[in-house]
Amino acid sequence: MSKVQVSTTINGDAVSYLCEVDETLLDVLRDRLGLTGSKEGCGTGDCGACTVTLDGRIVCSCLVLGAEAEGREIRTVEGIANGDKLHPLQEKFLEFAALQCGICTPGFLVSAKALLDHNPNPTESEIRFGLAGNLCRCTGYDKIVRAVQAAAAEMRKG
Amino acid sequence: MRFEAPTTVSAAVKLLAAKAGARVLAGGTDLLVQMRTDRVAPDLIVDVKRIPALRTITAKAGAFRIGAAVAGAELGEHKALRKAWPGVVEAANLIGSHQIQSRATLAGNLCNASPAADSVPALVAAGASAVIAGPRGKRTVPVESVGTGPGKTSLKRGEMVEAILLPKHPPRSGDAYLRFIPRSEMDIAVVGVGVSLTLDTKGVCTAARVALGAVAERVILVPDAAKALIGSTVDAKALERLAAATSAACRPIDDKRGTKEFRTRVAGVLARRAAEIALKRARGN
């Protein structure tokens, strides 16, 4: 199998890599680039643990080929904090204990950030539907929804 | 395995025609799952998302041309399309999560040829057609002639769907799609029903199309169900006849999602409810 040479942008940085044709973006991020924040849950696009943004839209990186990323703009959970300063969503996830085992958390953060970027003042129902592509088997979702509401309120204050 | 991302349809067709084991990659939400589970092992993957004409929705004199690589989320964001064909857009947007909507396409849903595909009954009801490009040029066919059985299409080697065409919506028309799933979101249809109808100025139905998903080996158009509506004011009696004709057309299988009896009965119920929504929309147009 011949490898594919890819140049792309990840969290604002220009990145180049070689990958196999059938290698997913998730595997590229984790195994070639050391960006292990994105997690593999199901590997079939059902759980959302591998959520990243591709040209501004959330996608399951397990359903994207590494080869497809040529010239695109990717953002992962590693790009959410500003240096050492956590994003309000990350702060509120900690404060509200919106995680237990933590496997789903990076995907939830990426999806929640995309949701709030699009809709700064979502209702509870909009949050639940907006995050419906992310599964959590620990929290029962309630703490996640509350953390997102609190982060949204904080971000609206500016 | 090789990866190519051509920028023209003719280059894509040339690549697809040259390799028997070539597969088109649009949104990838079916193909990558099939590759991962070893159901397909393509020799060549042709990513069609770099072809500009495949990435756009164009409206012309009330009709729409939807490029084969346009994602579900983009359909939902297109106001004019949503207004003209709400049933089609709702059906497409029912597929998977927001993550899936960022990628999944109408053409992909059609060519994956699942009998339970959500967008296909809505497209068939809408009278949509598919523009197919191939080594011998282009042909335009009704959407219902693309899927022939589970995972099987009428596309020949080297052919690919380039666009989905939706006709101009006549005045006083409405469409709707409903499906039954045991949960509120993100599941595969146990039954899916698309209905499109047109009224005259007196409120009499002059044209209708009814299409069913997940009750046969492919999505089916049911002319008898449409006949139950045509000539009526879509009153209770006509809706009853519609439900009966719809159920009569079902030839489902038993599987873990539902029994034959359940699917057959629910198809009739959903047809009635979808017709009621389509009627309301037609009256508002």
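# Questions on a predicted two-chain model

Modeller: In this predicted model, the contact between the chains takes 23 residues from chain A and 20 residues from chain B.

Biologist: Which strand of chain A gives the largest share of the side that touches chain B?

Modeller: The side of chain A that touches chain B divides into 11 nonpolar, 9 polar and 3 charged residues. Its largest share amounts to 4 residues, and these come from strand S4 (residues 57-60) of chain A.

Biologist: What scores does the model carry, and what is the mean pLDDT of chain B?

Modeller: The model as a whole scores ipTM 0.96 and pTM 0.97. In chain B, 100% of the residues reach a pLDDT of 70 or more, and the mean is 97.

Biologist: How many residues does strand S3 of chain A give to the side of domain 1 that touches domain 2?

Modeller: The domain assignment of chain A places domain 1 at 4-79 and domain 2 at 88-157. Their centres, taken over C-alpha atoms, are separated by 21 Å. The contact takes 13 residues from domain 1 of chain A and 11 residues from domain 2 of chain A. On the domain 1 side, strand S3 (residues 51-54) of chain A gives the most, with 3 residues.

Biologist: How do the residues on that side of domain 1 of chain A divide into nonpolar, polar and charged?

Modeller: The side in question is the one that touches domain 2 of chain A. Its residues divide into 6 nonpolar, 6 polar and 1 charged.

Biologist: Which strands stand at the edges of the open sheet of 3 strands in chain B?

Modeller: The order of this sheet is S1-S3-S2, with parallel pairing. A strand at an edge has a single partner strand, so one side of it is left without a neighbour in the sheet. The strands in this position in chain B are S1 (2-4) and S2 (22-25).

Biologist: What is the bridge partner of B:Arg2 in S3 of chain B?

Modeller: S1(B) and strand S3 (residues 44-47) of chain B pair in the parallel sense over 3 bridges. Within S3(B), the bridge partner of B:Arg2 is B:Leu44.

Biologist: At about what angle does helix H1 of chain B run to S3(B)?

Modeller: Neighbouring strands of the sheet are turned by 20 degrees against each other on average, direction ignored. Helix H1 (residues 9-18) of chain B lies across S1, S2 and S3 of chain B. Its angle to S3(B) is about 165 degrees.

Biologist: Which residues of S7(B) and S10(B) are the partners of B:Ala130?

Modeller: Strand S6 (residues 129-134) of chain B is mostly covered, with 5 of its 6 residues buried. S6(B) runs antiparallel to strand S7 (residues 137-142) of chain B, joined by 6 bridges, and a hairpin through 2 residues links these strands. S6(B) also runs antiparallel to strand S10 (residues 160-166) of chain B, joined by 5 bridges. Opposite B:Ala130 stands B:Val141 in S7(B), and in S10(B) its bridge partner is B:Ile164.

Biologist: Why is helix H5 of chain B described as largely enclosed, and which of its residues are buried?

Modeller: Helix H5 (residues 86-93) of chain B has 8 residues, of which 6 are buried, so the rest of the structure largely encloses it. Those buried residues are B:Gly87, B:Val88, B:Val89, B:Glu90, B:Ala91 and B:Ala92.

Biologist: Is B:Ala113 buried or exposed?

Modeller: B:Ala113 lies in the loop between helix H7 (106-112) and helix H8 (119-126) of chain B. Its phi is near 55 degrees, a positive value in a residue other than glycine. Most residues other than glycine have a negative phi. Because 22 other C-beta atoms lie within 10 Å, B:Ala113 is buried.

Biologist: What value is phi of B:Ala214 near?

Modeller: The loop between strand S13 (205-213) and strand S14 (220-221) of chain B holds B:Ala214. With 29 C-beta neighbours inside 10 Å, B:Ala214 counts as buried. Its phi is positive, in a residue other than glycine, and is near 70 degrees.

Biologist: How far apart in space are B:Asn285 and B:Ser173?

Modeller: B:Asn285 is found in the segment after helix H11 (260-284) of chain B, and is partly exposed, with 15 other C-beta atoms within 10 Å. Not counting residues up to four places away in sequence, B:Asn285 touches B:Pro171, B:Arg172, B:Ser173 and B:Gly174. B:Asn285 and B:Ser173 are 112 residues apart in sequence, and their C-alpha to C-alpha separation in space is 6.4 Å.

Terms used:
Residues are numbered from 1 along each chain as its sequence is written. Chains are lettered from A and ligands numbered from 1 in the order in which they are written. This is a predicted model: local features need pLDDT of at least 70, side-chain atom pairs count only at pLDDT 80 or more; totals for chains, interfaces and linings use all residues. A residue is buried if 20 or more other C-beta atoms lie within 10 Å of its own, exposed if 12 or fewer, and partly exposed in between; C-beta atoms are placed from the backbone. Two strands pair if DSSP finds at least two bridges between them. Domain bounds come from an automatic or database domain assignment. Two residues are in contact if their C-beta atoms, placed from the backbone, lie within 7 Å. Ala, Val, Leu, Ile, Met, Phe, Trp, Tyr, Cys and Pro count as nonpolar, Asp, Glu, Lys and Arg as charged, and the others, Gly among them, as polar. Axes are lines fitted to C-alpha atoms, for helices over the stretch in contact, and angles run from 0 to 180 degrees between N-to-C directions. pLDDT is the predictor's confidence in each residue, from 0 to 100.
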